[in-house]
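Please consult the sequence and structure shown here alongside the text.

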Amino acid sequence: MAKILVADDEQKIREVIREYSEFNGHEITEAADGMTAVGLCKLNDYDLIIMDIMMPKLDGFSACKEIRKIKDIPIIMLSARSEEYDKLFGFELGIDDYVVKPFSPKELMARVNAVLARNHAAEKPSEKIMSFDGLEINIPARTVSVDGKKVDLTPKEYDLLFYLVENKNIALSRDKLLSDIWGYDFFGDDRTIDTHIKNLRNNLGKYRDYIVTLRGVGYKFEA
């Protein structure tokens, strides 16, 4: 059973998500606006947040930023807007999935379970601590250091870097990265990967060249 926070100003949407979530054995808490969602996250721990973008008092993007300051909780964003910009902006904030309204409740639950499964797998203990010159990657602790200084990444940037490192020197296509990291058939542009790679390289500073671009293919971590 997972504790899920559903933040949406439409009561009917919250009711549908609650019905299907409880049928899948999850515990649901509701918020009708972004401000309430942030306040609930300060007081409680959740395994997942399902959050609408267009909400009163505080929109979903702003609420996501505030929540990320205090807790690392997987977030699935809901929106009636399907513009590429909104999706890319959401993924840059570190959300785990983006679902366009109207949506199939069954599909949403499949995505919920996929995100929960990935997050659970990431929390399993591991003995993998890797160093590449001044770049240290501690997978079990989910930390990255550059020349002894800790670097803060978004949850998805951590996942992407860890996946590249665990498959170092192997060419990985954009499709494979999307499939294995996002965990579903991605409905969008594979430039999402390029955006995350760009941000990741910027955070790695002088060690950015460990991530190699393979033209027409994808990327690999070369060490």
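The points below are grouped by topic and refer to a predicted model.

**Parallel sheet and its helices**

- An open sheet is built from 5 strands with parallel pairing, in the order S2-S1-S3-S4-S5.
- Its edge strands are S2 (27–31) and S5 (97–100), each of which pairs on one side only.
- From one strand to the next, the twist averages 20°.
- Strand S4 (residues 75–79) is joined to S5 in the parallel sense by 4 bridges, and Met-77 has Tyr-98 in S5 as its bridge partner.
- Helix H2 (residues 34–43) packs on the sheet, where it touches S1 (3–7), S2 and S3 (48–52); the direction of H2 makes about 135° with that of S2.
- Helix H3 (residues 60–70) also packs on the sheet, touching S3 and S4, and its direction makes about 155° with that of S3.

**Antiparallel hairpins**

- Strands S7 (residues 135–138) and S8 (residues 143–146) run antiparallel and are joined by 4 bridges.
- S8 pairs in the antiparallel sense with S9 (residues 149–151) over 3 bridges.
- Ser-145 stands opposite Glu-136 and also opposite Lys-150 in S9.
- The hairpin of S7 and S8 has 4 residues between the strands, and Arg-142 takes a positive phi near 55° there.
- In the hairpin of S8 and S9, with 2 residues between the strands, Asp-147 takes a positive phi near 55°.

**Second largest pocket**

- The second largest pocket has a volume of about 190 Å³.
- Its lining includes Arg-68, Asp-72, Arg-142, Lys-150 and Tyr-158.
- By class, that lining comprises 4 nonpolar, 1 polar and 6 charged residues.

Note on methods
Residues are numbered from 1 along each chain as its sequence is written. This is a predicted model: local features need pLDDT of at least 70, side-chain atom pairs count only at pLDDT 80 or more; totals for chains, interfaces and linings use all residues. Side-chain values use heavy atoms; hydrogens and water are left out. Two strands pair if DSSP finds at least two bridges between them. On a 1 Å grid over the protein atoms alone, a cavity is a set of points where a 1.4 Å probe fits but cannot get out, and a pocket is an open set with protein on both sides within 12 Å along at least five of seven lines; lining residues have an atom within 4 Å of a point. Grid points are joined across faces, edges and corners, and a volume is the space filled by probe spheres set on the points. Ala, Val, Leu, Ile, Met, Phe, Trp, Tyr, Cys and Pro count as nonpolar, Asp, Glu, Lys and Arg as charged, and the others, Gly among them, as polar. Axes are lines fitted to C-alpha atoms, for helices over the stretch in contact, and angles run from 0 to 180 degrees between N-to-C directions. Contact means heavy atoms within 4.5 Å.
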